[in-house]
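This report concerns aromatic rings and their surroundings in one structure. The sequence and model are shown first.

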Amino acid sequence: MMSDRVFHEIVNVLFLISCLFIVIPTLTILIIILYNWHNHFRSVSNLLMCNSCICLIFLAITYSIQTPSFIRQIYFDGSQSSRLFCQISACLATFSTGIVAHSCLVQAIYRFFLLILSKHKNLLTFRTNSIIILISWLINLLIAVGMFISPFAYQYDPESHFCTLTTHYFPTSFSISILFVFVTALTLIILYGIILYRTINHFDFNSRNRNRRNRKLFHYIIITVSLHVLGGIPYIICLLMNRFGRAPASLYSIEVLSLTFTSAIHSIFLFGVNRQVRQILFRKRNQISSHPMNIRKVIQPLPAIS
């Protein structure tokens, strides 16, 4: 019994750390872009970056609202939250997971428009991409709310102490796996595969800049697809094990941690690839660090009075 408690304490700490690493990079990106929006930051790519950041922050919030209930069950009376709160929390967590997954897809669609269908200028506008973002949010809202059709979809999992779209009920969990993991990953692979094929065919050994962009694009594709797939693997394993037997209790907690950990890595990755945000942040840091030096140069010591 004590080992279970220690395990869940470790899970809780890792969960909170991962949520922290989701919020800090994404909130930093969001603040800098919005503050400098009218100063060379107004672009479709930054609009999509803001969407990804908002999705990740929303995921961290929707998962962390269950933390008080989680702590109460481990350290205090062990009482569960009300059924209504549990179902709403699980629905919000499902919705946030979907919009994070599809935010990668929205960025892939824009890159496909930019690099493959660049002749169609109307596909590169703010209006078109704002509509795509809105559609992705609405689709995921319909999916998350639609799971209420089954009374068994959103449940409290005693193994993880979280309210989730449970893997104990196969029809809804399998449907979510298909929509959020397989379909999204397959679409990402197809879109980025076409982009990569086109860029390789236009490979120019005399163009150092083009080759460098191709390498960056390849790294971006690998990391994006890998994070998306890795985040969903524990959930799929748990789903399949419950279908043909019984999954170990620890896997339910790993299933939740995998989503927050890959989202934290995704947040750090977004910060790393946004050169504009890094330049602004490092410039501000250098100004702050050099400020005391400037003060010392301006203020001269007064002559001693004899």
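## Charges over rings

The charged end of R243 lies over the ring of F170, at 4.4 Å from its centre. A charge sits over a ring if NZ of Lys or CZ of Arg is within 6 Å of the ring centre and within 35 degrees of the ring normal. R111 likewise lies over the face of Y220, 4.1 Å from the ring centre.

## Basis of the values

The model is predicted: local features need pLDDT of at least 70, side-chain atom pairs count only at pLDDT 80 or more, and totals for chains, interfaces and linings use all residues. Residues are numbered from 1 along each chain as its sequence is written, and side-chain values use heavy atoms, with hydrogens and water left out.

## Aromatic pairs

F152 lies in the loop between α6 and β1, and Y169 in the loop between β2 and α7, 17 residues apart.

The ring centres of Y192 and Y220 are 6.3 Å apart with planes at 75 degrees, so this pair is edge-to-face.

## Accessibility

Y192 is buried at 1% relative accessible area (buried is under 20%, exposed over 50%, partly exposed in between, with a 1.4 Å probe and protein chains only). Y220 is also buried, at 9%. F152 is partly exposed at 44% relative accessibility, as is Y169 at 27%.

Key
Helix = DSSP H or I, 4+ residues; strand = E, 2+ residues; numbered from the N terminus. Phe/Tyr/Trp six-rings, centres within 6.5 Å; stacked < 30°, edge-to-face > 60°.
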